Amino acid sequence: MTPPFRLSSRLASLLGAGLLSVSAWSQGAGGADALRAQALSLADATEAQVIAWRRHIHQHPELSYQEVQTAAYVAEALKKMPGIEVQTGIAKTGIKAVLRGGQPGPVVALRADMDALPVEERNDLPFKSTAKGTWLGKEVPVFHACGHDTHVAMLLGAAQALSQMRADLPGTVVFLFQPAEEQGPGPVLSGAPAMVQAGVLDNPKVDVVMGQHINGGFPSGQINYRRGSLMASGDVFKIKLNGKGGHGSSPWSANDPTLAAAEIVVALQNIVSHRIDPLDGTTVVTVGQLQSGNRPNVLPDTAEIAGTVRSLSKKNQKIAHDNIRLRATRIAESHGLTAEVSIDTGYEVLVSDPAATQRVIGALEAAAGEGKAREVPPTMGSEDFGSFGKNIPIVFWHLNASPYTDRRGAPNHSAEFMVDEKALRVGVRALVGSTLAYMRPQTAAAQ
Ligand SMILES: [Zn+2]
Ligand SMILES: [Zn+2]
């Protein structure tokens, strides 16, 4: 079979060095398969370096929007890679790096998040974190309890592998190192929407964004993906009722916000039962706080309600928001009160685009090995990666990395969170393999 494109000198040298088998080159769809095999060989070759990067970042964790040293370390590593243009200081500490391949093709963005959490590490490791940071004005311990150190290291590994094959690369790769995934819903945007607002998906115009998250799941090295909603939106709502206080013995002379607050709490519960199509995506409306008054015989002026909305459907998320506002304001009005409703939408529903995900499933299987990439049900956890998917497709998967051979490891965010570093090789393979798999149809078209 004639190779569909010229054999580059890099590919020829890999073949010569035995890093890529000639049979891989000559099999199946020819050039595209050989290119993927080349990418996986280069990905595997980064393993030791990826672990070294990860350990350094693990030992020097930084909190959301404080990733100054981490960003400098990442930029320094990227600048040593051939053909990569690096921009720093995006959305405070974020980095965008661009690698233009030697062949025409789509623009694939790969994302890692860089921030750690105010948690004290309890693992006994030679590179254990003893770092401190400042959070809400207080000194706190800092630890990569969500594994973002591994995300950064794996994306650097992917950048290194792809930069070494840039002459053959059928498209452009944009590497996004974002700050503040853990920022959470609130007045300050978390890192993903802040990066989007800063224009990281333009110039070059990105066609798809892919990302991954490590967890303590078992067995290590397994990849969990889903065609469709994978993780829920996570929003916070607050309702403040303004009434008129008075004596508990004569409520008719006051406008009691406590009674209205109680009615609103109950009314919010029937949003899920009576306004949401359950087949359209699981949705949860939870009231976690209700504060009103401080004496049994005094009616207060105000009452406050706060809670969370989680949903696997953008449509249901909107229905829940609209109905929280409607019920709160109408019930308040019926009591002669006013209601101030605020909803902070920090995290979007994370919908892994079905068609784009379909396109990379084979690559995820090749990365993890026979039977180790699986389609899984969604979770009600949240991740700000969904913000990249407002106008373009996104693909996301979870990478299991339990340090134990027979059970799950500690959950993310816990003081004992730990990963099996052997899973990092699989993560780098998944990133480069999926990039090539997404670009592959363009390779065919360019023949
Ligand atoms: Zn987290
Ligand atoms: Zn995380």
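This is a predicted model: local features need pLDDT of at least 70, side-chain atom pairs count only at pLDDT 80 or more; totals for chains, interfaces and linings use all residues.
Residues are numbered from 1 along each chain as its sequence is written, and chains are lettered from A and ligands numbered from 1 in the order in which they are written. Local features need a pLDDT of at least 70, side-chain atom pairs count only at pLDDT 80 or more, and totals for chains, interfaces and linings use all residues, while side-chain values use heavy atoms, with hydrogens and water left out.

The pLDDT, the predictor's confidence in each residue on a scale from 0 to 100, averages 91 over the chain, and 92% of the residues score at least 70. Over residues 1-28 the pLDDT is below 50, and this stretch has 43 contacts in the model beyond near neighbours in sequence, a contact being heavy atoms within 4.5 Å. The pLDDT is also below 50 over residues 442-447, a stretch with eight contacts beyond near neighbours in sequence.

Two zinc ions, ligand 1 and ligand 2, are 3.1 Å apart, and Cys 146 coordinates both. Donors are N, O and S atoms within 2.8 Å of the metal (3.2 Å for Na, K and Ca); water is not among the atoms, so sites may look incomplete. The zinc ion (ligand 1) is coordinated at 2.0 to 2.3 Å by Cys 146 through SG, Glu 182 through OE and His 413 through NE2. Along the chain, these donors follow the spacing C-x35-E-x230-H. Cys 146 and Glu 182, which are 36 residues apart, link distant parts of the chain: Cys 146 belongs to the loop between β5 (138-141) and α6 (148-164), and Glu 182 to the loop between β6 (170-178) and α7 (191-197). Helices (H or I, at least four residues) and strands (E, at least two) are DSSP runs numbered from the N terminus.

Cys 146 is buried, with a relative accessible area of 8%, and Glu 182 is buried at 15%. His 413, in contrast, counts as partly exposed at 39% relative accessibility. This histidine is found in the loop between β18 (394-400) and α11, and has a positive phi of about 85° although it is not a glycine.

His 148 counts as buried at 1% relative accessibility.

A nonpolar core is a set of buried Ala, Val, Leu, Ile, Met, Phe, Trp, Tyr and Cys residues joined through side-chain atoms within 4.5 Å. The largest such core has 73 residues, and those with the most contacts inside it are Leu 78, Leu 110, Leu 162, Phe 175, Phe 177 and Ile 223. Helix α11 (residues 422-445) contributes the largest share of this core, eleven residues. Another core, of 25 residues, lies apart from it and includes Ala 91, Ala 109, Val 209 and Ile 394. Neighbours within four places in sequence aside, the contacts of Leu 162 include Leu 99, Leu 110, Phe 175, Val 432 and Leu 436. Ser 163 lies in helix α6 and counts as buried at 1% relative accessibility.

Helix α5 (residues 68-79) has twelve residues and reaches 16 Å from its first C-alpha to its last, close to the 16 Å expected at 1.5 Å a residue; the expected span is 1.5 Å times one less than the number of residues. The buried residues of α5 are Thr 70, Ala 71, Val 74, Ala 75, Ala 77 and Leu 78. These residues lie on the same side of α5 because they cover an arc of only 165° around the axis, the arc being that of the directions from the helix axis to the C-beta atoms. They pack against α4 (47-59), β1 (84-90), β2 (94-100), α6 and β6. The face turned away from this buried side carries the exposed residues Val 68, Gln 69 and Lys 79.

Further backbone features occur in loops. A cis peptide bond with omega of about 0° joins Asn 203 and Pro 204, and Pro 204 lies in the loop between α7 and β7 (208-215). A cis peptide bond, with omega about 0°, also joins Phe 218 and Pro 219; Pro 219 is found in the loop between β7 and β8 (223-225).

Terms used. Buried means under 20% relative accessible area, exposed over 50%, partly exposed in between (1.4 Å probe, protein chains only).
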